[in-house]
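Please look over the sequence and the model below before reading on. The paragraphs that follow begin with the division of the chain and end with a pair of helices.

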Amino acid sequence: MNLLDKLEAAAAARKAVLPSALSAFGIPIDEVYSATEARIGDRKIILLGTNNYLGLTFAPECLQAAHEAIDKEGTGTTGSRMANGSYLGHRALEQEFADFYQCRASIVFTTGYQANLGTIGGLVNPGDVVLIDSDSHASIYDGCKLSGADIIRFRHNDVVDLEKRLRRLGDRSSSTLIIIEGIYSMLGDQAPLADIIKIKNDYNALLLLDEAHSLGVLGKTGQGLVEKTGLIKEVDFITGTFSKSLCSIGGYCVSNHPHLDFLRYISHPYIFTASPSPATIASTRAALKLLRNGEDLRQQLWGNAHRLYTTLRNIGYTLGPEPGPIIAIILDDPQQALKLWQGLLENNIYVNLILPPAAPDNNSLVRCSLNAAHTEEQIIYIEKIFTKLYT
Ligand code: PMP
């Protein structure tokens, strides 16, 4: 098979899952009105499938900071962090992340995807082991592949399986990096952090926790699962993204290990890509302040999450294991998922459709993501439509 034939085969495999579902992916949003409303074609829709957990995409403080940065520093840095792309703002944001987590240092990357690639690829090499949750995000899988380390998966959130695999590694457990997520993006459930830390200490391994979906969402000041559990000192490396609660684009890694800084010399995803633009950094800094002081927003978000989770469960939908801002509706097959997704869109509600092999355990998901800006009126409407579409 030549290279182009292989591409055709991959496209055909995707179409085979459900040909009519293709239009559901990458749907163009024609206009955005707010954190919860947009226009698709001639429909004004409620956005119920974004990662905008605190609803800060139009926060005046962030808009103003971005405008000022463009005026003062231009539209882009045109260079890598390693070369000409480390402005005052990039370094200030690194300090602010370190302060926020009360950690020794932090590194800012250009995307959350690259934060995982750069951190994992810098920490482990061929001959080392990565032990990852089977529901890990693609950036974790890709970082592991890039590193050349041996990749072992353990069953999702299953500490018994994790322990068994570490035990089997024998001496190699001390050159093992365990990787988990604060809130998992598919089913919206949280990692059993305390149990995992106990095992990682027993076997002398290191732990990387990706707080992409839990930053801003969990903990009093929004640090994530580390704050909710009070276990920050026990986690070796925390990665995260600016593209969800912080409403821009970029990523970070924080750690108390002095070795974090060494990543700057060896991490290709840090060195060989341009740094985030001044406007991106400025709005992220403003958003981080709002996030730290965002207890009210978190309260609003969790109120919305508990309410919709309870309603959907009472209607009869099969949901992910626990309430949270990500509410996954698990359907028997791709056709049913597409039908529900289309029904919601016809009623002016946008959610995410996730079909195999993207969803865990070959499931088909309709994934809702709530945010702090959804109003009671919007939630009532969403509940009404889900009730109408239940079969
Ligand atoms: N980690 C996780 C768990 C994610 O869900 C995502 C994005 N969905 C990323 C990392 C990558 O972040 P970004 O989109 O900001 O590159």
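The domain bounds used here come from an automatic or database domain assignment. In this predicted model, that assignment divides the protein chain into domain 1, which is made up of residues 3-54 and 295-389, and domain 2, which covers residues 60-292. The C-alpha centres of domain 1 and domain 2 lie 26 Å apart, and the contact between them draws on 21 residues from domain 1 and 23 residues from domain 2.

The size of an interface is often given as the accessible area lost when the parts come together. For domain 1 and domain 2 this buried area is about 1800 Å², with 57% of it on carbon and sulfur atoms. On the side of domain 1, R298, E322 and I326 supply 29% of the area buried against domain 2, more than any other three residues. Across the interface of domain 1 and domain 2 the rule finds one salt bridge; the side chains of E295 and K220 meet in a salt bridge, with an N to O distance of 3.3 Å.

Two packed helices are described by the angle between their axes and the distance between the axes. Helix 4, residues 112-123, and helix 5, residues 138-147, have axes that come within 8 Å and cross at roughly 35°, and the crossing is right-handed. Helix 4 contributes Y113, N116, L117, I120 and G121 to this contact, where they meet S139, I140, D142, G143, C144, L146 and S147 of helix 5. Sorted by class, the residues in the contact of helix 4 with helix 5 are six nonpolar, five polar and one charged.

How values were computed: Residues numbered from 1 in each chain as written. Predicted model: local features only at pLDDT ≥ 70, side-chain atom pairs only at ≥ 80, totals over all residues. Heavy atoms only, no water. Axes fitted to C-alpha atoms, helices over the stretch in contact; angles between N-to-C directions. Helix = DSSP H or I, 4+ residues; strand = E, 2+ residues; numbered from the N terminus. Left-handed = near helix turned anticlockwise from the far one by under 90°. Contact = heavy atoms within 4.5 Å. Nonpolar A, V, L, I, M, F, W, Y, C, P; charged D, E, K, R; others polar. Buried area = accessible area lost by both parts, 1.4 Å probe. Salt bridge = Lys/Arg side-chain N within 4 Å of Asp/Glu carboxyl O.
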